[in-house]
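Please look through the sequence and the model first.

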Amino acid sequence: MEYNPKKMAYDPQRIERKWQRLWDKKGIFSAKDFSKKKKFYILDMFPYPSAEGLHVGHPRGYVATDIFAHLMRRKNFNVLHPMGWDAFGLPTENYAIKTGIHPEITTRKNVERIKEQLKMIGLGYDWSREINTTDPEYYKITQKIFLLLYKMGLAYEAVLPINFCPSCKTGLANEEVINGKCERCGTEVKKKDLRQWVLKITAYADRLLKDLDLLDWPEKIKEMQRNWIGRSEGWEIEFRIQNSEFKIPVFTTRVDTLFGCTYLVVAPEYPILEKLKDKISNFKFVEGYIKEAKKKLERERISEVKEKIGIELKGIKAINPVNGREIPIFVADYVLSHYGTGAVMAVPCHDQRDFDFARKYNLPMIEVIKPYQEKKELPKEAPLIISNGRYQNAYEGEGFLINSGRFTGMKSEEARDEIGKFLAKKNLAKKAVYFKLRDWIFSRQRYWGEPIPIIYCRKCWENSKFQIPNSKRKLKLNYDYTIIDGKEYMIVPVSEKDLPLKLPFVKKYQPTGTGESPLAAISEWVNTKCPKCGGPAKRETNTMPQWAGSCWYYLAYVMLGNQKSPKESLRDPTGQAKIKNQKFVWDKEKINYWLPVDLYVGGAEHAVLHLLYARFWTKVLYDAGWIKFKEPFLKLRNQGLILAPDGQKMSKSRGNVINPDPLIEKYGADAFRLYEMFMGPFSEPINWNTKGLIGMKRFLDKVWNLFGKEKSVILIEEDREIEKLVHKTIKKVTEDIENFRFNTAVSALMILVNELQNRNYGIWHLKTLLLLLAPFTPHISEELWQQYFVKTLTFSLQTSILQYPWPKYDPKLVKEETITLVIQVNGKVRDKIEVETDISEEKAKELALSREKIKKWIKGKEIKKVIFVPGKLINIVV
Ligand code: ANZ
Ligand code: ZN
């Protein structure tokens, strides 16, 4: 039976699946490679296929990009909007450990479930380009890029004290350690020495920083990346050690405080300590301290609250180069060995850490900076406050120099350069730049990741020119050879023709806990032939970190493109990708057509990790000539979290997760989509409230019923007001979608529907309403569209509303006729009135002066001046 809104109530269940299937069949969402239309590439951060499936928070970004994609398609762009699976990772592996079920099986199951959920929401993805990072054909390229990094000197081996999670039994990147705990499981992270693959992201620090300026990203995210990269400009100053040829260079951003430096501090790992041991009278004691300090985590070492403990190096002194004063040297763990020079000049009066330390050990303090504004108001950072004859804290701000010899009286900002240059002339200082960013530890001792395509060959080592005396066999930073169990091996990359290097099946997924991955136990896999000499060799058993696959995935969707592809036969005619057999061809033409990504949407939690790594790989691929662009994601927008109704983050352990499936069953995907957008500003966090969703269903009932009324089809008489409102709504909805103000776009549509209910309207008005609603609520819009505008009136029989051109507005009709004029007296807002848009100054003044509220303020006073800003305000100065 016909489903006729004139006779029946709105029932999303009866229409949603139907249209989803028809859209798929018509291929409405498939992107055309090399189309003449302008391209637009919209990308969602692809999900990890977790067993829990999606909760109502996940699709917030997907609904937004779907709406955006609909708008762009209907504005005649060739839109690419793909989806895939970031499927390597710990939860799947941990599940395998518990159940013995192979991660591949779990992944397949989870993917199916989540894909079904995404389809239920009516999201229009081009599923023919679906990717999965665990597909060997996919990770073949991930491995290829690893080999590229290796050949470019950007991947090396090192034995490093790494962050090690005792529970996950794997090494972690710095970025994966949150407040000293494992990002995944929350266990306290420990230090452990392990042989590691490391990527030289520091070589790109400057470019990663500079190119942020090219990007339309939220300022907050850019700032987080800037801080993470942490570029610091300053001076390196040389301190001589008394009666010794050794020198201690320090890195400082505040040379202006040099006269206030009363001691030096070096990190426990400082290399020359060993060499100075004959001169240091308490060296035994120092050694004990150093041992303890090295065990600590960085977080404990630099923690602000922690008491700063150190030991003086007795028997040696340093010379302050600016005034020749002898000062003591300490070793303390609040100085980090891998930042700057590993040594600092301590200025207790102007650096809080030094202050705390000096206080504890009773070291002299010399004040050298006086804040600019004294007396009147305290500067933001409190200056040194003296009580009971003692300083209470350090003053870290700017000011005039005091107690600084010939530099006294100078402004601190200027003194920085002057003192630096003064010392530079004597060869005691040079300008220096340091970065906080460190190289990326790229190996994990786990099973469910991309195997690192490297082979170790003993025979090649024996034939090599390397002859290293036993005493120096310490692996520091190396591209050529490695040391495993005390034996040297040459590093030999797997040949490209042997890629993908597939993950072998294993029976036990438990990590060994010795720092080796479960792969190490599969001797048939580990033992192999050297690609270079053919001799017996061993495979690397570490795998890549979870972030590897997402470093280049935005390119993978493009490679699966449908046009001109020689691999056409690999696709089945329904457009479903055969994931297992799909080949990724590095097709430069396709890459050049589609990239870079025009709009990227995802959670702000990826501010540094994924977004920094992907930018890094993109720059490497650019340098290698594989791609032509330097930045992958031109524009980025973050969605805010959807919290549980109790305001907490949704999580299985809290038991407050809201599953979208039953809600969609009951209220429909359209109401769900609408609520996700209407609930609040897109980038802000907000609590879920199912009542709001029910409200959206009621709104859609109203829309449905609007069409049920007979009068809707016949224009009774011109209603200029409604005509104008429709034009204004077109403008508002268009601009709001473009600017990610989805919530206000929805309210504009609600206002329009309310007005339509109460007035006489014509068919054009209803048609426009549907055209505007369609991106938000595609199913109901398509249903009504087909019923009213395709079948009955045969406008364009075959057309889906999702392909119908986006409506245009008449600029003349959207101009406001009245505005709110603000009335100020002496610059303070005192009143507001509704006036015609083009009111004259004369008239505005007359009106303003006649207002009771204004009379009160100007009574008995002389009007000195009137300032009039047309269309905005009038200010009366008395
Ligand atoms: C003297 C001084 C005086 C400093 C003063 C600050 C204020 P950013 O901006 O983070 O680069 N520093 C240098 N190397 C360090 C290390 N390895 N471990 C811990 N601290 C180190 O900070 C640079 C400042 O951090 C440097 O400037 C140095 O302290 C400290 F009133 O030098 B300053
Ligand atoms: Zn060999």
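## Basis

This is a predicted model, in which local features need pLDDT of at least 70, side-chain atom pairs count only at pLDDT 80 or more, and totals for chains, interfaces and linings use all residues. Residues are numbered from 1 along each chain as its sequence is written, chains are lettered from A and ligands numbered from 1 in the order in which they are written, and side-chain values use heavy atoms, with hydrogens and water left out.

## Ligand site

Ligand 1 is surrounded by 17 residues, counted when one of their heavy atoms lies within 4 Å of it. The closest are Ser 232, Thr 252, Tyr 339, His 350 and Lys 436. Strand E11 (247-252) and strand E15 (343-346) each supply at least two residues of this shell; strands (E, at least two residues) and helices (H or I, at least four residues) are DSSP runs, numbered from the N terminus.

Oxygen atoms of ligand 1 take part in polar contacts (pairs of N or O atoms within 3.5 Å). A polar side-chain atom of Lys 436 lies 2.6 Å from a ligand oxygen, and one of Thr 252 lies 2.7 Å from a ligand oxygen. For Thr 253, a backbone N or O atom lies 3.1 Å from an oxygen of the ligand. Taken alone, ligand 1 exposes 650 Å², of which the protein buries 86%; accessible areas come from the Shrake-Rupley method with a 1.4 Å probe.

Helix H2 covers residues 59-74. Its 16 residues should span 22 Å at 1.5 Å a residue, and its end C-alpha atoms are 22 Å apart, which agrees; the expected span is 1.5 Å times one less than the number of residues. H2 is largely enclosed by the rest of the structure, because 16 of its 16 residues are buried, that is, under 20% relative accessible area. Asn 76 follows H2 and has a positive phi, near 75°.

Of its 16 residues, 13 are buried, so H5 is largely enclosed by the rest of the structure. At the start of H5, a side-chain oxygen of Asp 135 comes within 2.9 Å of the backbone nitrogen of Glu 137. Just after H5, Gly 153 has a positive phi of about 75°.

## Surface patch

Tyr 95, Ile 101 and Ile 105 form a nonpolar patch on the surface, with about 230 Å² of accessible area together. Patch residues have over 30% relative accessible area and no salt bridge, and nonpolar side chains (Val, Leu, Ile, Met, Phe, Trp, Tyr) are joined within 5 Å. A salt bridge is a side-chain nitrogen of Lys or Arg within 4 Å of a carboxyl oxygen of Asp or Glu. Tyr 95 lies in helix H3 (residues 90-99).

Conventions
Patches are made of residues with over 30% relative accessible area and no salt bridge: like charges are joined within 9 Å, nonpolar side chains (Val, Leu, Ile, Met, Phe, Trp, Tyr) within 5 Å. Buried means under 20% relative accessible area, exposed over 50%, partly exposed in between (1.4 Å probe, protein chains only). A polar contact is a pair of N or O atoms within 3.5 Å; within protein, one must be able to donate a hydrogen and the other to accept it, and residues adjacent in sequence count only if both atoms are side-chain atoms.
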